[in-house]
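Me: I am new to this one. Could you walk me through a few of its features?

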Amino acid sequence: MEAKVAIVTFHDIFQNEAEKKSRYSDEYRDLSALILMDKQDMAGLGVKDGQRVMVGNELGRIVAAAKASEDDSHPGLAFMTNSPWSNQLVRDDVCETSIPGFKRIEAAVSPTEEAITQITELLQRMRA
């Protein structure tokens, strides 16, 4: 079972502060390896707050925690902080503005029992 979503990335002050303390901390991971989803999309997947989901597309895949968005209903739209986790899903090529496509990342989300992807693994992928 999977849901197709368009992910919009955003900056979060709490995540930025956690990164300043330590990019390897549990706090940073918890604020970064997180996908905010529409409640209906989560229900359709049988996923509850805090459960892990596989988020992937043709560029990569990561495991993150799902959290129900408090915003008005927005089926098919999800949000992630700009982080090494969301960056795994972003194209390297840029548009005429020279900015990567952080505002509409097409991805599939499905429940998983796998552990949340560790930052050390993400950094290794970026070096390869």
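**Rings and strands**

Reply: Happy to! The model is a predicted one, and the count of aromatic pairs in it comes to one.

Me: Is the pair of Y28 and W85 stacked, edge-to-face or tilted, and why?

Reply: The ring centres of Y28 and W85 are 6.0 Å apart, and a pair needs centres within 6.5 Å. Planes under 30 degrees apart would count as stacked and over 60 as edge-to-face. The planes of Y28 and W85 are at 55 degrees, so the pair is tilted.

Me: Which helices hold Y28 and W85, and how many residues apart are they?

Reply: Y28 belongs to helix α2 (residues 26–32), while W85 belongs to helix α4 (residues 84–87). Both Y28 and W85 are buried. The pair links distant parts of the chain, with a separation of 57 residues.

Me: Is S110 buried or exposed?

Reply: S110 sits in strand β6 (residues 105–111). Its relative accessible area is 18%, and buried means under 20%. So S110 is buried.

Me: Which residues does S110 contact, leaving aside neighbours within four places in sequence?

Reply: Contact here means heavy atoms within 4.5 Å. With those neighbours left aside, the contacts of S110 are M1, E2, V53 and M54.

Me: How far apart in space are A3 and S110, C-alpha to C-alpha?

Reply: A3 lies in strand β1 (residues 3–10) and is buried, at a relative accessible area of 13%. Not counting residues up to four places away in sequence, A3 touches L45, A107, A108 and V109. In sequence, A3 and S110 are 107 residues apart, yet the C-alpha to C-alpha distance is 6.5 Å.

Definitions and conventions:
Residues numbered from 1 in each chain as written. Predicted model: local features only at pLDDT ≥ 70, side-chain atom pairs only at ≥ 80, totals over all residues. Heavy atoms only, no water. Helix = DSSP H or I, 4+ residues; strand = E, 2+ residues; numbered from the N terminus. Buried < 20%, exposed > 50% of the residue type's maximum accessible area, 1.4 Å probe, protein only.
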